[in-house]
Amino acid sequence: MKETKKLGRFEKLSRDVLISTSKMLKDAKDELFHGIHGRVLEVGAGIGVNVYFFNRPEVDHWVAVEPDRKLVDECHKMVADMGDRVTVFQGYLHELEEPPESFDYVVFTTLLCSVPEPGKIVKEAHRFLKPGGKLCVIEHIGDSFGLRAGFQMLAKYPWRLATGCNCRNNPVPALSQPGFWQNVDDKVDLKIAPLRTKRFSPLLQLLKPFVMTTLTKK
Ligand SMILES: C[S@@+](CC[C@H](N)C(=O)[O-])C[C@H]1O[C@@H](n2cnc3c(N)ncnc32)[C@H](O)[C@@H]1O
């Protein structure tokens, strides 16, 4: 039998932050994932919080890519009800052996803040999408001014060291690659994601605001 690794105290905290973030983003995700169907590739699935949106008959198959072994174990537990309609792949996106242009949707939820080369991930994700397929994105973005922007600047390096996440994330350059998306000439437009604000971890204050978009492959 495969040995599952226990989460340490800090990993439990990270898991709780992922769950709180997803609850806070419920309305945004309802909107973003409305109509999702067919073959879905999720990059950086974490513990699998998006199961609540993908466990529906319209989703034929969900490939959840996650490199972290402990998160993969948690993810297997989260998605167990979906049976063979889900594959949890332990590895990085560039290691995934699926044919190019074989997915209807690619999903990033709070991914680009924690990858060293976000432009490369967007390129790989774009390669997996069918023409006309959609990239659904929710990311947090560094605040532009005010108290929170100041806190983010102070916390940027310790936060990154502790969590691997860049609280001053800016997903626009990585997403705005020339010739990738329909109706995008220059920079992609991101809209502010609605948040449910009650009773969530104070740590999440550091990550606001959140932004979202759906891009269609040319
Ligand atoms: C902040 S977490 C978000 C997890 C999940 N998307 C969510 O919304 O709860 C980012 C995840 O991306 C994963 N990741 C980082 N680089 C990756 C890569 N190159 N390919 C796939 N996943 C990656 C990390 O291991 C981490 O679990």
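The legends below describe close-up views of a predicted model. Residues are numbered from 1 along each chain as its sequence is written. Because the model is predicted, local features need pLDDT of at least 70 and side-chain atom pairs count only at pLDDT 80 or more, while totals for chains, interfaces and linings use all residues.

**View A. The cis peptide bond between Lys208 and Pro209.** Omega is near 0° for the bond from Lys208 to Pro209. Pro209 sits in the loop that runs between strand S6 (191–192) and strand S7 (210–216). Strands (E, at least two residues) and helices (H or I, at least four) are DSSP runs, numbered from the N terminus.

**View B. Glu101, a non-glycine residue with positive phi.** Its phi is about 55°. Glu101 belongs to the loop between strand S3 (86–90) and strand S4 (103–109).

**View C. Asn183, with a positive phi near 60°.** Asn183 is not a glycine either. The loop that holds Asn183 lies between helix H7 (172–175) and S6. Asn183 is exposed, because 9 other C-beta atoms lie within 10 Å.

**View D. Ala64 in the largest nonpolar core.** This core (buried Ala, Val, Leu, Ile, Met, Phe, Trp, Tyr and Cys residues joined through C-beta atoms within 7 Å) has 54 residues. Val40, Val43, Ala64, Cys75, Val106 and Ala125 have the most contacts inside it. Leaving out residues up to four places away in sequence, Ala64 touches residues including Glu42, Cys75, Val79, Val88 and Phe89; contact means C-beta atoms, placed from the backbone, within 7 Å.

How values were computed
A residue is buried if 20 or more other C-beta atoms lie within 10 Å of its own, exposed if 12 or fewer, and partly exposed in between; C-beta atoms are placed from the backbone. Two residues are in contact if their C-beta atoms, placed from the backbone, lie within 7 Å.
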